[in-house]
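Please keep the sequence and the three-dimensional view at hand while reading.

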Amino acid sequence: YYSAAPGSTYKMVSATAALMEDVVTLNTKVNCTGKFSLINPAPYCWKVSGHGHLDVSGAIANSCNYYFYNVGYQLSTTSGVYNASEGLATLEKYAAMYGLTEKTGIEIVEAMPSVSKELPVPSAIGQGSNSFTAVGLTRYVAAVANNGTSYNLTLLDSVTDKDGNVIKTYEPEVYNQLAMPQSYWDNIHKGMRTVVQKKSYFNELNVNVAGKTGTAEESERRPNHALFVGYAPYEEPEIAITARIPYGYSSDYAAQVTKDVIAYYYGLVDEEDVVTGRVVAFGGNLDIRPAYQREYIYKRPQAQAVIQTVINGTPLSNMYWWVRKDGGFECCDGQQRGISICQFVKNDWTVKYRGNDCYFRNLPRDVRERILNYELQVFEVDGPESEKIAWFRTINVQGAVMTEQESRNSVYTGTWLTK
């Protein structure tokens, strides 16, 4: 039922419109300089330094906003005259061909989709007032995968009576067929395949996947929606999928969820691993401040230095996590750094960026992505529970000195007396 902005997962619609309306050809290369200056205020690409010259496949692969801003602008311009309504109508025409203007037909409550009625330039990157359900996006990406055939969807295979006799069967019904030269499809597919090839965790699968990320901005007061649409296998598509994490910060998280679902679908992981979350890195179960750890003591300059290190892409010192019996983790070393990162992402305080005091939400998108995708160097430590405290003391002989009470708290494992 839930409907929200699609973000950059919408860019295949815009690519289709651009090619079919002769705004670009397969050989056209647009020079992304980072700032799109043909409208005011000028929007920026997520890569503010610019991508350089990109064709349609490269624009999809790099999710170049500038390229698709230009598509929205050109679709709105005839004989040098800019008409926003014209561009919006053209984008809606191609969205309709992919089934994005109607409900999908599934037998549960489904929100009515909404194609953007404002601002064709941001609408071309999935912003504006675009709003779709996950199942609507799945029908759309399935049509991309199979070269333009959009189906009405159903959750039902058949209906039987109490004796098992089939009363009715359900077969796919074609909603629309989008006719387009095969070379156009090939270049869109190529761009989507490159998106996935850039994400190393998909290499764990023995099936090739194509897809498109999306980071949808709807409110400055809340994190962005995280999305990923895709299909597999790339060579002969069998399944299409949409993963959306509302207010999930980074599209990379949605892509990792998609990877796990595909792994389960093709029998590459056990159901228990998916249900318990062990497929996801670290199981999503980390106690960053176990009872034997000290309080968070970093002063603001220390915490800000951690974030600057992350922004610069410089490695932080190693962290050590104790492996619990339930498969979760306890942070034995690295707590101060870890909490600093969590606080900043929650917009608790600012750092200096290009001379300005910036909360996480105010940073350019590529910098936010850099922080969210930063790889911590973590050593997992396993062993008998009785050795944990001794090991904790061993690795914490340096750094900020504990107070006497903190030292007693970290090594005492008995029951605390209470009134």
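## Arginine 368

In this predicted model, arginine 368 counts as buried because its relative accessible area is 11%, below the limit of 20%. Arginine 368 belongs to helix H12. Leaving aside residues up to four places away in sequence, arginine 368 touches Glu217, Asn224, Phe360, Arg361 and Leu363.

## The second largest pocket

Arginine 368 also has a place in the second largest pocket: together with Glu217, Glu220, Asn224 and Arg365, Arg368 lies nearest the centre of this pocket. The volume of the pocket is about 1100 Å³, and 40 residues line it.

Which helix gives the most to this lining? Helix H12 does, with 4 residues. At least two lining residues come from each of helix H3 (65-75), helix H5 (120-123) and helix H12 (365-372). Sorted by class, the lining consists of 22 nonpolar, 9 polar and 9 charged residues.

In soluble globular proteins, nonpolar side chains tend to be buried together. The largest nonpolar core of this model contains 52 residues, and Tyr67, Tyr98, Leu100 and Met192 have the most contacts inside it. Helix H3 gives the most to this core, with 7 residues.

Methionine 192 touches Met12, Ile60, Val141, Val144, Ala210, Gly211, Lys212 and Tyr231, when residues up to four places away in sequence are not counted.

Helix H1 is largely enclosed by the rest of the structure, because 9 of its 10 residues are buried. The buried residues of H1 are Lys11, Met12, Val13, Ser14, Ala15, Thr16, Ala17, Ala18 and Leu19. After H1 comes aspartate 22, which has a positive phi, near 60°.

Alanine 254 sits in helix H8 (residues 251-265). Is alanine 254 buried or exposed? Its relative accessibility is 0%, so alanine 254 counts as buried. Beyond residues up to four places away in sequence, alanine 254 touches Ala226, Leu227, Phe228, Ala243 and Ile245. From C-alpha to C-alpha, alanine 254 and leucine 227 are 5.3 Å apart in space, although 27 residues separate them in sequence.

## Arginine 289

Arginine 289 is located in the loop between strand S14 (286-287) and helix H10 (300-312). Its relative accessible area is 31%, which means that arginine 289 is partly exposed. Arginine 289 and aspartate 333 stand 44 residues apart in sequence, and their C-alpha atoms are 9.8 Å apart.

## Confidence in the model

Over the chain, the average pLDDT is 86, and 87% of the residues score at least 70. Confidence is highest in helix H1 (residues 11-20), at 98, and lowest in helix H14 (residues 404-411), at a mean of 46. Over residues 278-284 the pLDDT is below 50, and this stretch has 12 contacts in the model beyond near neighbours in sequence.

A further stretch, residues 404-419, stays under 50 in pLDDT, and the model gives it 15 contacts beyond four places in sequence. Where pLDDT is low, the predicted coordinates should not be read in detail.

Technical notes. Residues numbered from 1 in each chain as written. Predicted model: local features only at pLDDT ≥ 70, side-chain atom pairs only at ≥ 80, totals over all residues. Heavy atoms only, no water. 1 Å grid on protein atoms, 1.4 Å probe; cavity = no way out; pocket = protein on both sides within 12 Å on 5 of 7 lines; lining within 4 Å. Points joined across faces, edges and corners; volume = space filled by probe spheres on them. Nonpolar A, V, L, I, M, F, W, Y, C, P; charged D, E, K, R; others polar. pLDDT = per-residue confidence, 0-100. Contact = heavy atoms within 4.5 Å. Core = buried A, V, L, I, M, F, W, Y, C linked by side-chain atoms within 4.5 Å. Buried < 20%, exposed > 50% of the residue type's maximum accessible area, 1.4 Å probe, protein only.
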